[in-house]
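Keep the sequence and the structure in view while reading.

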Amino acid sequence: MSRTFRVRRTSALFALPAALALALLPGTAHAYPAPGHVTGTVTVHDPSMIRKPDGRYLLYATGGGLTHRSSTDRIAFTGGADAFTSRPGWWTQYGNTEAWAPDISFHSGRYLMYYSVSTFGSNRSAIGLATSPTGLPGSWSDAGVVYASSTSSDHNAIDPNLFVDDDGTWWLSFGSWWTGLKAIRIDPATGKRFSGDTTRHSLASRPTGSKAVEAPYLVKRNGYYYLFASYDTCCAGVDSTYKVKVGRATAVTGPYRDRNGVPMLLGGGTTVLESHGRYIGPGGQSIMRDVDGDLIVYHYYDGQDGGTAKLGVNLLDWSSGWPVAR
């Protein structure tokens, strides 16, 4: 989400109306489906969701000590306590006592959650890490700062996403505005930066005009690495222009190109979701693999509910070699 302007990521199958299966191909009018049907406590920013072995869905999102939602069927969501009942004291070094844009995953018998702490319009920012044996609110232990940027940096250390490659290499992508999206190696043993390789790779940027690209999310499908990102301006309610774009590469560090071959380092990106009808400014996305396929999990602003930020969930179709929301 645009933190430079932030006001502030056996199961029942997702009930998509049959008409949505006939959605037009991207690039034509009305190409994008409505979000799948969800109910309950669905006001969120930057949602990240995971499915536990018992089928329960855990969702964390921006705000407070990382706000929490849960569901047993991926449709009805209930609110709960924040991840942190007591917020780590180091957050105040970056000017804030709430956290943004969590990224939850499960590795080596524990849940990991990367997140960011910053202030509006500043790149004096830090990415933190928390770990938990259960993933439930109140069970998270603070592991401190993973990576930080300062006002003298040319990038912004927010919006983290952990990606584990097929060879077991861990990568953390992050970034917002400034010179765009970055990636660094992570040590699987600690969850912190890998001392054996301190290179910071550039993945995507907008070198001319708007610098508005953020919220990277990496996945690997069918031999390609795909980089999802949010473009343009978030957090302005019905005036938001946020949209989700994607590019792909044959190496995790890029170069990423869109469907037309335009490099993401030069502002390229193929649109996956953008405003349509009442569903305004979709973004802050994460990708989740579930029993019925890949999901894109995001927030949007409801034009029929005063611009309230709400949870969006759609399945992704990869049959064309590119992700298409349906």
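Strand β14 (residues 213-221) and strand β15 (residues 224-231) pair in the antiparallel sense, over 7 bridges. The model is a predicted one. The hairpin has 2 residues between the strands. There, Asn222 takes a positive phi near 55°.

How much of β14 is buried? The strand is mostly covered, with 8 of its 9 residues buried.

Asp159 sits in the loop between β9 (141-149) and β10 (161-164). Is Asp159 buried or exposed? Its relative accessibility is 1%, and because the cut-off for buried is under 20%, Asp159 counts as buried. A polar atom of the Asp159 side chain lies 3.0 Å from the backbone nitrogen of Ala215.

Most residues other than glycine have a negative phi, and most peptide bonds are trans. A few places in this model depart from that pattern.

Arg74 has a positive phi of about 70° although it is not a glycine. Arg74 belongs to the loop between β4 (67-71) and β5 (76-80). Arg74 is also buried, at a relative accessible area of 0%.

Cys235 has a positive phi too, near 70°. Its place is the loop between β15 and β16. With 9% relative accessibility, Cys235 counts as buried. The peptide bond between Gly254 and Pro255 is cis, with omega about 10°. Pro255 is in the loop between β16 (243-249) and β17 (270-273).

## Nonpolar cores

In soluble globular proteins, nonpolar side chains tend to be buried together. Which residues have the most contacts inside the largest nonpolar core? They are Phe228, Val272, Leu273, Ile296 and Leu316, in a core of 19 residues. The elements giving two or more residues to this core are β14, β15, β16, β17, β18 (279-290) and β19 (293-302). The largest share, 3 residues, comes from β19.

Take Val272 as an example. Beyond its neighbours within four places in sequence, Val272 is in contact with Phe228, Ile296 and Leu316, among others. Its contacts also include Tyr32, Val244, Lys245, Val246, Pro323 and Ala325. A second, separate core has 18 residues, including Ile50, Met113, Val117 and Ala130.

Terms used:
Residues are numbered from 1 along each chain as its sequence is written. This is a predicted model: local features need pLDDT of at least 70, side-chain atom pairs count only at pLDDT 80 or more; totals for chains, interfaces and linings use all residues. Side-chain values use heavy atoms; hydrogens and water are left out. Buried means under 20% relative accessible area, exposed over 50%, partly exposed in between (1.4 Å probe, protein chains only). Helices (H or I, at least four residues) and strands (E, at least two) are DSSP runs, numbered from the N terminus. Two strands pair if DSSP finds at least two bridges between them. A polar contact is a pair of N or O atoms within 3.5 Å; within protein, one must be able to donate a hydrogen and the other to accept it, and residues adjacent in sequence count only if both atoms are side-chain atoms. A nonpolar core is a set of buried Ala, Val, Leu, Ile, Met, Phe, Trp, Tyr and Cys residues joined through side-chain atoms within 4.5 Å. Contact means heavy atoms within 4.5 Å.
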